[in-house]
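Subject: Structure for you to look at

Hello,

Here is the structure I promised to pass on. Please open it alongside this note.

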Amino acid sequence: MKQKIWYKTCAKDPKIQLSRMQFLTLISVVSAASVSLFEHRDHQGHSQTFDLELDNACTPIDRSSLQDKASSAEWDLPERSGICFFEHDDCSGDMECWFSFQQPPNNFKDDGMNDEISAVAGFTY
Ligand SMILES: [Ca+2]
């Protein structure tokens, strides 16, 4: 609430337009997540960490990295958000989703997606 009032006041002053831009940047940072994929179960082996916008956009996993090779994952997600993993790099095929309040998977084999994941998408709710 306090932030909203600050924003309204600042938006009227052209000198503070930059602050408005910074404010919008802050919003986009808040709706992003950091995701790590691991080659082996229990977060072992090679890993790949990337930032993910929580905007439902399909994000393919790099072919030269852990596409079709990930066996576990962990992440830093804001509250009321989640992440989905897909079998194919266009976000088709098998799909498994987790909410931010759930434990990240330490073995994709349990989810029937071991060495299969080719894309991810983040969401908020
Ligand atoms: Ca795949």
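Below is what was found in it.

First, the ground rules. This is a predicted model: local features need pLDDT of at least 70, side-chain atom pairs count only at pLDDT 80 or more, and totals for chains, interfaces and linings use all residues. Residues are numbered from 1 along each chain as its sequence is written.

Confidence: the protein chain averages a pLDDT (the predictor's confidence in each residue, from 0 to 100) of 84. A score of at least 70 is reached by 76% of the residues. Over residues 1-11, pLDDT stays under 50. The model has 5 contacts beyond four places in sequence for that stretch. Two residues are in contact if their C-beta atoms, placed from the backbone, lie within 7 Å.

The sheet: 4 strands form an open sheet in the order E3-E7-E5-E6, with antiparallel pairing. Strands E3 (59-60) and E6 (95-99) stand at the edges with a single partner strand each, so one side of each has no neighbour in the sheet. Strands are DSSP runs of E, at least two residues, numbered from the N terminus; two of them pair if DSSP finds at least two bridges between them. E3 and E7 (residues 119-124) run antiparallel and are joined by 2 bridges. Thr59 has Val120 in E7 as its bridge partner.

Arg41: this residue is in the loop between strand E1 (32-40) and strand E2 (44-53). Arg41 has 16 other C-beta atoms within 10 Å, so it counts as partly exposed (buried is 20 or more, exposed 12 or fewer, partly exposed in between, with C-beta atoms placed from the backbone). Beyond its neighbours within four places in sequence, Arg41 contacts Ser71, Ser72, Asn106, Asn107 and Lys109.

Best wishes
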